[in-house]
Amino acid sequence: MINREHPTDIHIGVPSRPGSSSSGTSKMIHPVDVETPPAEGIAPALPAAAGSTRSTVAYGEIKHFKSWFPWLIPSFVVANVVMLGITMYVNDCPKNSVSCVAGFLGRFSFQPFKENPLLGPSSSTLEKMGALDVTKVVHKHQWWRLITCMWLHGGVFHLLANMLSLLVIGIRLEQEFGFVRIGLLYLISGLGGSLLSSLFIQNNISVGASGALFGLLGGMLSELITNWTIYANKFAALLTLVVIIAINLAVGILPHVDNFAHIGGFLSGVLLGFVFLIRPQFGWVSQRHAPPGSFSTSANNPKFKMYQCILWIVSLILLIVGFTVGLVMLFRGVDANDHCKWCHYLSCIPTSRWSCNTQPVSCMSDQLGDQITLTCSNNGKSSTYTLANATASQIQGLCSQLCS
């Protein structure tokens, strides 16, 4: 073994992104200062230069973060696809509507584009399957709708957009942090999105996994902040992530998009990220795994930095207080719009091209002999239609189509 001069510093190679190693863990190579006893039968090496300490720098490999096999996020994708299939089966468009899209699919065919341009079921079917309806949550104590709405989608286009995003974002996070933490982050963020949505969206139903998806984005942002010291390209990663989040939130100001679910999920995800996605400092990990004698006994690197601990405590308190206050307000029937007159602009900004009117749609039927009169009220406008020989299920379908 060759003797070398004692290095003045110990340099640790930090991967630009933890969890990137193909062998199952991310690793680093660092020099370790060890004593080198002379081998038997071999003359000792020449004296070291004056002022230096004779030693050998051995290079050791330290395993840092385990890479998990992602199975939970793909399972969530399958569950959402299955739920849309069940919803379309229950919807049974040929039985309940006069016309359907893709009629060759039979009872799995879609509602007309005028009623649902996303290639999906009717609003009444979504409500029956567990969509978020504040009136039923508050007055009929159907609290489970805060959770079931996360697994329903308005149609094929809605499902594809959400599930592709879930695969891109979720698998990477599950590989790095495991199914337990990412699963809890996803579910609790989705609940936070449903909670904020139910406080502001009082007249319409809401479905979709967007709140949970924004929770994953929020978790990525807080993970970057709390583990700031282990990133190589900190500011580039932060700028990229902030731009992605800003663009997605900006899409939420369009009509018929529940941006309150996005905001609630994002805020929940940010706080949960500080709690669930905190990593030990590299100095502590290196000291723990390095061979005996390689680090000075005076070195006592803390497992977490002070700012990490402060963020953990503050985030946990805000989560508990926020969810408690939100649930109390919800079950007391509080309309948050009464306390924030401008907050509705966070979900929809009216322009000359579209309206943000969210008045409920009503449809009343009056039968005289074989003739049926439907009176629709939508956004303050009323229309009357006269029909003949229609069953009750067909009347329901016609109300959804004509009054939408």
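A residue is called partly exposed when its relative accessible area lies between the under 20% of buried residues and the over 50% of exposed ones. In this predicted model, Arg172 falls into that middle class, with a relative accessible area of 38%. Glu176, in contrast, is buried, at 5% relative accessibility.

Side chains of opposite charge can pair when their charged atoms come close. The structure holds four salt bridges, and one of them joins the side chains of Arg172 and Glu176, with an N to O distance of 3.9 Å. Both residues belong to helix α6 (residues 156–177), where they sit four residues apart, about one turn of the helix. Because an α-helix has 3.6 residues a turn, residues three or four places apart point the same way.

Glu176 also forms a salt bridge with Arg279, again at 3.9 Å from N to O. Arg279 is found in the loop between α10 (259–276) and α11 (282–289), whereas Glu176 is in helix α6, so this pair ties together parts that are 103 residues apart in sequence. Arg279 is buried, with a relative accessible area of 5%. Through shared partners, salt bridges link Arg172, Glu176 and Arg279 into one network. Another salt bridge brings together the side chains of Glu127 and Lys136, at 2.8 Å from N to O.

Of the 17 residues of α8, 16 are buried, so the helix is largely enclosed by the rest of the structure.

How values were computed: Residues numbered from 1 in each chain as written. Predicted model: local features only at pLDDT ≥ 70, side-chain atom pairs only at ≥ 80, totals over all residues. Heavy atoms only, no water. Buried < 20%, exposed > 50% of the residue type's maximum accessible area, 1.4 Å probe, protein only. Helix = DSSP H or I, 4+ residues; strand = E, 2+ residues; numbered from the N terminus.
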